[in-house]
Amino acid sequence: MMHMTMYWGTDLTLLFDWWTTDSWPAYSLSLLACFLFSLLYQFLESLRLLLFKPAAAVAADLPSQPPSIEAPLLSKSGGGGRKNSLRRLAHAALFGVNAAIGYALMLAVMSFNGGVFLSVVLGISAGFYWFRCGDLVSESSDAAVENSCACS
């Protein structure tokens, strides 16, 4: 039977039928796994933002030049050849893995166990502090790509 309100206890089924806990050691290991997956989520997000800066952030790093009056407002970005498509494929794959981890964390929180909730929130907060508040992503590009949704 699934709980529909928050509860505190060591009896837990997390994500899969085979991932059940009925003792403090098993429960503690499950909470540690949730914490580590939350850290991994934030690390992959910071890696993705660092490796694949949007064009606006890259342009912000260049010396500013006044735009030409003949320059189009929108440019075609479909070209670029094989290197560009491999880069886009790697970016999409990293985004997909990160989204999958985010949704798995969301489903873990939906177990309504208070310990799981706290371990995921603490893991995401610690990961944000360690990986995203420092030198990995500059403040100017953070404002352009920051997303408050924890699962994307």
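The UniProt entry, which is unreviewed, annotates residues 24-44, 89-106 and 112-131 as "transmembrane region". UniProt positions are in the numbering used here, feature names are shortened, and such annotations may be inferred rather than shown by experiment. This is a predicted model, where local features need pLDDT of at least 70 and side-chain atom pairs count only at pLDDT 80 or more, while totals for chains, interfaces and linings use all residues. Residues are numbered from 1 along each chain as its sequence is written, and side-chain values use heavy atoms, with hydrogens and water left out.

Take two of the annotated spans. Residues 24-44 are 100% helix and 0% strand, with end C-alpha atoms 30 Å apart. Residues 89-106 are also 100% helix and 0% strand, and there the end C-alpha atoms lie 25 Å apart.

Now the whole chain. Five helices and two strands make up its elements, in the order β-β-α-α-α-α-α from the N terminus. Helices here are DSSP runs of H or I with at least four residues, strands are runs of E with at least two, and both are numbered from the N terminus. Of the 152 residues in the protein chain, 29% are buried. Buried means under 20% relative accessible area, exposed means over 50%, and partly exposed is in between, with a 1.4 Å probe and protein chains only.

Next, the inside. The largest nonpolar core has 17 residues, and those with the most contacts inside it are Leu12, Leu14, Cys34, Ile101, Leu105, Val116 and Val120. H1, H3 and H4 each supply at least two residues of this core, and the largest share, five residues, comes from H1. Such a core is a set of buried Ala, Val, Leu, Ile, Met, Phe, Trp, Tyr and Cys residues joined through side-chain atoms within 4.5 Å.

On to the aromatics. Rings of Phe, Tyr and Trp (its six-membered ring) pair if their centres lie within 6.5 Å; planes under 30 degrees apart count as stacked, over 60 as edge-to-face and the rest as tilted. By this rule there are four aromatic pairs. Trp18 and Trp19 have ring centres 6.3 Å apart and planes at 10 degrees, so they are stacked. Trp18 is exposed at 66% relative accessibility, whereas Trp19 is buried at 18%. Phe43 and Phe131 have centres 5.3 Å apart and planes at 70 degrees, so that pair is edge-to-face. Because Phe43 lies in helix H1 (residues 24-51) and Phe131 in helix H4 (residues 114-132), the pair ties together parts that are 88 residues apart in sequence. Phe16, Trp18 and Trp19 form one aromatic cluster.

Last, charges. Side chains of opposite charge can pair when their charged atoms come close. How many salt bridges does the structure hold? There is one, between the side chains of Glu45 and Arg48, at 2.8 Å from N to O. The term covers a side-chain nitrogen of Lys or Arg within 4 Å of a carboxyl oxygen of Asp or Glu. Glu45 and Arg48 are three residues apart in helix H1, so about one helical turn separates them. Are these side chains buried or exposed? Glu45 is buried at 4% relative accessibility, and Arg48 is buried at 11%.
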